[in-house]
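Please read the following alongside the model, moving from the relation between the chains to the packing of helices and then to the pairing of strands.

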There are 2 protein chains.
Amino acid sequence: MASVDVVFSPAEPLPRADCWLVVDLLRASTTIVAFFERGGRCLLPAAAVDEARDLKRRLPGRWLLMGERNALPPEGFDLGNSPLELASVDMTAFDGAVMTTTNGTRALLAAAERGGEIRVACARNARAAAVRAAAFRSVAVFCAGLEGRPALDDTACAGLLVDRLLERGPRELGDGAQMALSLFRDCRCSLADLVSMSRHGRRLKTLGLEADLLYCCETDRSDWGARLERCGGLMRLLPER
Amino acid sequence: MASVDVVFSPAEPLPRADCWLVVDLLRASTTIVAFFERGGRCLLPAAAVDEARDLKRRLPGRWLLMGERNALPPEGFDLGNSPLELASVDMTAFDGAVMTTTNGTRALLAAAERGGEIRVACARNARAAAVRAAAFRSVAVFCAGLEGRPALDDTACAGLLVDRLLERGPRELGDGAQMALSLFRDCRCSLADLVSMSRHGRRLKTLGLEADLLYCCETDRSDWGARLERCGGLMRLLPER
């Protein structure tokens, strides 16, 4: 039988999977999906701030520099890690963006080392991401977590993704998938309420970023996705729809 | 405010904690509590099978050798890792036991490196363990997990322990504690049913060890506990009641 599992943080030993759904609900994976939805062409994930700056300098054409450290854009960046902020930018005027975030882009690059198809997933594209992943025999949701540890927000989104994947047919659930699914299905509140209890959610509220949080917690609103591929010595995300 | 967090597997970076509750529900922590309940005097955890054999050889007096690899006792061991099996042994005839298990004793030794008070907890002594832990400002439940990854069975027991700790007064919940608590409280089945869905639970059933599983899932039946302390160059568990 086909299977699905959930990895809660990059500290965990990664199982084998034919398809990875990388989740950093607050906010990198939501921002990446919004980036492509708004016409972005290509997104280059970078692990470190200096690496991102250097990459932008070396690239021909017009590139945006976006991302965060401690939820705020580093010095000299064009944009932070906010999906709502992207509405102010005409993406078609750029060849793409270089992005670095504390947890999300690192998780993407860690998944890339493990092999298999790698897609970006969030609550907004949950059903669309599940429909595309359903073709694969073994699917693993890879949560970016917070500071190397499991995060309630990402786990809740992983549960949503497992739920949507099971709509496409039965799968054997790993322990991680069962735990995430129970968290999502059995909770007696909305995804936004659940995420608001998380450490990351509380931090965003303190920073006045509640609108971002609510946007990130809307489910099944987008058909857009993002697929990671190797291009020369670089990893890049390209849109899928 | 006092706090509680849950660590899902030894792969996770460990937070600081004044008191650790180490959980390997199936079956090491349940077996350890049963060992003391039945009159056991002292238990020496060993990381490896050879180390356990060597330790027993070197110790003066009468010592039992107990534990498992792949859920079964290694060659030459007196006992496996079964709490029910202990009923057949007159513990008072021994100075104690040397124990090694795949996940549980290793988690105990990993917690010991981090510092703080270290206690063994399971479902059967959940309330008693919580009452003793309630005196500490920061409590962390440390799940042994399975093969370095989070396990549904241990996480469910961690949720039970968080629930019992909250009976003693309010605590700030880390994301791990919130996730475990939701899994335990919101599930629409018994602890035994939840644990039966886990990979470890299914494996025990396949091995004909369902009676052990049911025993491990009974809650709040024992006042006994076990406390880890350093004695010379060795770590040892002593009973608490």
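Copies are superposed here by least squares on the C-alpha atoms of residues with pLDDT of at least 70 in both. On that basis, chain B can be laid on chain A with an RMSD of 0.0 Å by a turn of 180° and a shift of 0.0 Å along the axis, which is therefore the relation of a two-fold axis. The model is a predicted one, in which local features need pLDDT of at least 70 and side-chain atom pairs count only at pLDDT 80 or more, while totals for chains, interfaces and linings use all residues. Residues are numbered from 1 along each chain as its sequence is written, with chains lettered from A and ligands numbered from 1 in the order in which they are written.

Both copies use the same surface, since 100% of the contact residues of chain B recur in chain A, where two residues are in contact if their C-beta atoms, placed from the backbone, lie within 7 Å. Chain B contributes 23 residues to this contact and chain A contributes 23 residues. On the side of chain B that touches chain A, the elements giving two or more residues are α5 and α6 of chain B, and α6(B) gives the most, with seven residues. (Helices, H or I with at least four residues, and strands, E with at least two, are DSSP runs numbered from the N terminus.) By class, this side of chain B has ten nonpolar, seven polar and six charged residues; Ala, Val, Leu, Ile, Met, Phe, Trp, Tyr, Cys and Pro count as nonpolar, Asp, Glu, Lys and Arg as charged, and the others, Gly among them, as polar.

How do these helices pack within their own chain? Helix α5 (residues 152-166) of chain B and helix α6 (residues 175-186) of chain B pack at an angle of about 95°, with their axes 7 Å apart; axes are lines fitted to C-alpha atoms, for helices over the stretch in contact, and angles run from 0 to 180 degrees between N-to-C directions. α5(B) and α6(B) are therefore roughly perpendicular to each other, given that angles under 35 degrees count as roughly parallel, over 145 as roughly antiparallel, 65 to 115 as roughly perpendicular and the rest as oblique. The residues of α5(B) in this contact include Gly159(B) and Val162(B), and those of α6(B) include Leu181(B) and Phe184(B). The contact of α5(B) with α6(B) comprises nine nonpolar, two polar and two charged residues.

Helix α4 (residues 126-133) of chain B also packs with α5(B), at an angle of about 55° and with the axes 8 Å apart, so α4(B) and α5(B) are oblique to each other. Among the residues in contact are Ala130(B) of α4(B) and Leu161(B) of α5(B), and the contact has seven nonpolar, no polar and two charged residues.

In chain A, β9 (residues 225-231) runs antiparallel to β6 (residues 117-120), to which two bridges join it; strands pair if DSSP finds at least two bridges between them. Ala226(A) in β9(A) is the bridge partner of Val120(A). β9(A) also pairs in the antiparallel sense with strand β10 (residues 234-240) of chain A, over seven bridges, with Gly225(A) opposite Glu240(A) and Arg230(A) opposite Met235(A). These two strands, β9(A) and β10(A), form a hairpin with two residues between them, and Gly232(A) in the turn has a positive phi of about 65°.
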